[in-house]
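I opened this model today to take notes on its ligand site, its sheets and a few single residues. My entries follow in the order in which I looked things up.

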Amino acid sequence: MKVAIMGAGLSGLTCAIMLERNGIKPVIFEKRRCVGDRFINSEAFLSILTRPVADPIQYFSDKYQLYLKPVSPITSLHLFSNKSKTVIEQPVGFINIRGRHRQSFEMQLAEQTSSNIHFHSKHTYEQLANEYSHVILATGDAEYAIRMNNYQESVSVTLKGATVKGHFDRYSVYIWLDHDLAPKGYSYLLPFSEKEANIVTAYPDWRKESNEEMNDRWLRFYERIRSHLNQSLKITDQFQITNYKIGICKQPRIGNTLFTGNCFGSIMPFLGFGQFDAILTGIYAAYDLIGYGSYHELTKPLRKSYQDSLALRRGMELLDNHHLDFIVRNFDRSIVQKLVKPSHLNPLSVLSQVIKPFVKQ
Ligand SMILES: Cc1cc2nc3c(=O)[nH]c(=O)nc-3n(C[C@H](O)[C@H](O)[C@H](O)COP(=O)(O)OP(=O)(O)OC[C@H]3O[C@@H](n4cnc5c(N)ncnc54)[C@H](O)[C@@H]3O)c2cc1C
């Protein structure tokens with residue numbers, strides 16, 4: 001068996017690690033000049049989104065001997081709407097780093113890999129499919145799935161973010177649910193050290209927005225954060241991604257091509273979290289090639305949580321700022337608060353069953 005992995009990101013590297021452990025040495029093709037060669041940003045695991053797995057770091061380590069070090073656990077979550085605020089004080093997940101940072105998840109995975117990585121790769125999928133018996137598509141986007149008519153898009157998103165300098169509690173995350181800042185989306189601040197944090201606003205491209213409108217929105221968000229934190233928050237780096245596709249492949253495996261990570265549909269439409277499922281698809285794709293189970297069957301629960309997450313997204317799109325104020329103001333008494341509490345319930349699934357009859361997916 002000759003396996004090519006296209007993309008040295010979360011799912012591609014995880015797949016390589018699992019294959020190597022089982023005697024298959026894949027070749028990885030990465031278009032950039034090194035692993036993690038992109039802007040540095042902090043990302044998160046939120047346990048409310050990975051349940052029944054409450055602690056993804058422990059889960060990967062105990063179940064798959066895949067070791068990942070986050071930068072910190074999240075022990076308080078500050079939730080703001082346009083006019084209300086609440087704080088959730090309990091362990092809710094982890095913050096980790098991505099990109100060009102020595103502690104980024106992709107760097108940590110690369111250290112656990114011994115497969116050859118061809119950087120600056122210009123190989124196309126077609127070339128790899130010709131030369132190798134199996135191809136793992138792990139490019140972090142939907143390009144090839146779309147070309148192969150194997151992709152169903154649910155929503156496309158604009159993300160605008162920056163790295164800021166300031167004084168942060170590394171264990172606290174801030175989230176703004178406010179349509180003035182992110183229409184039908186959300187904005188957040190995730191610290192990755194006591195001195196640096198990422199601020200990001202993410203919202204669906206539900207209507208075309210001019211650059212001027214986008215910048216005005218961004219400035220409103222930046223001002224809001226500065227006033228909530230009472231800090232000047234100097235910007236040291238910035239990024240903008242438009243038309244970031246959230247969707248799912250129709251078939252996880254076509255012939256000997258397996259779609260992993262975002263090529264599979266690992267990003268959840270509700271809040272755009274994709275790391276957990278990206279890593280799982282890397283593991284499952286390797287398991288299929290090793291003969292531990294079919295990729296199609298192994299990924300069925302991920303498809304189900306994608307559909308649940310999509311129902312939540314459609315539900316979220318029906319809410320306006322008054323609803324969000326109400327939810328945040330009454331958070332302590334609400335069903336959402338009960339669902340956030342640690343349990344073996346999968347809150348996403350429970351909520352989506354309630355919402356599904358009222359939304360079009
Ligand atoms: C700004 C932002 C914030 C996010 N925040 C969160 C978060 O907080 N929590 C969360 O869970 N998820 C988050 N996500 C989503 C998460 O990052 C992705 O779901 C996850 O990284 C997908 O993993 P992957 O393996 O599919 O792709 P990646 O990890 O992105 O890896 C893809 C790799 O393929 C390479 N590549 C691309 N094209 C080619 C090609 N043609 N040939 C060879 N190599 C190629 C790329 O250079 C890259 O190295 C965020 C995404 C963004 C953009």
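Before reading any pairing, I noted that two strands pair if DSSP finds at least two bridges between them. I also reminded myself that this is a predicted model.

**Entry on strand 11**

With that definition in hand, I looked at Gly161 and found that Gly161 stands opposite Val200 in strand 11. Strand 8 (residues 151-165) and strand 11 run antiparallel, and I found 9 bridges that join them. I then turned to strand 10 (residues 186-191), which is also antiparallel to strand 11 and is joined to it by 6 bridges. Within that pairing, I noted Ala197 of strand 11 as the bridge partner of Pro191, and I saw that the link from strand 10 to strand 11 is a hairpin of 4 residues. When I asked how much of strand 11 is covered, I found that 8 of its 9 residues are buried, so that I wrote it down as mostly covered.

**Entry on Glu209**

I moved on to the loop between strand 11 (196-204) and helix 7 (211-229), where Glu209 is found. Is Glu209 buried or exposed? Buried means under 20% relative accessible area, and Glu209 counts as buried because its relative accessibility is 15%. Looking at its side chain, I found a polar contact of 2.7 Å with the side chain of Tyr203, and a polar contact with the side chain of Arg217, also listed at 2.7 Å. Setting aside residues up to four places away in sequence, I recorded that Glu209 touches Tyr203, Met214 and Arg217.

Next I traced an open sheet of 6 strands, which I wrote down in the order 6-2-1-7-14-13, with mixed pairing. Strand 6 (116-118) and strand 13 (253-254) are its edge strands, since each pairs on one side only.

**Entry on His134**

In strand 7 (residues 134-137) I stopped at His134, which counts as buried because its relative accessibility is 10%. Which residues does His134 contact, once its neighbours within four places in sequence are left aside? I listed Met1, Lys2, Val3, Ala4, Arg253, Asn256 and Leu289.

**Entry on the ligand**

Last, I looked at the ligand, which 30 residues surround, the closest being Ser11, Glu30, Glu43, Ala44 and Asn262. I sorted the shell residues by type and found 13 nonpolar, 12 polar and 5 charged. A backbone N or O atom of Leu10 lies 3.0 Å from an oxygen atom of the ligand, whereas for Arg32 I found an N or O atom of the side chain at 3.0 Å from a ligand oxygen. For Gln275, I noted that a backbone N or O atom is 2.9 Å from an oxygen atom of the ligand. On its own the ligand has 1,000 Å² of accessible area, and the protein covers 89% of it. Finally, I wrote down the elements that give two or more residues to this shell: helix 1 (10-21), strand 3 (41-46), strand 12 (234-249) and helix 8 (275-290).

Note on methods:
Residues are numbered from 1 along each chain as its sequence is written. This is a predicted model: local features need pLDDT of at least 70, side-chain atom pairs count only at pLDDT 80 or more; totals for chains, interfaces and linings use all residues. Side-chain values use heavy atoms; hydrogens and water are left out. A residue is near a molecule or strand if one of its heavy atoms lies within 4 Å of it. A polar contact is a pair of N or O atoms within 3.5 Å; within protein, one must be able to donate a hydrogen and the other to accept it, and residues adjacent in sequence count only if both atoms are side-chain atoms. Accessible areas come from the Shrake-Rupley method with a 1.4 Å probe; for residues, only the protein chains shown count as cover. Ala, Val, Leu, Ile, Met, Phe, Trp, Tyr, Cys and Pro count as nonpolar, Asp, Glu, Lys and Arg as charged, and the others, Gly among them, as polar. Buried means under 20% relative accessible area, exposed over 50%, partly exposed in between (1.4 Å probe, protein chains only). Contact means heavy atoms within 4.5 Å.
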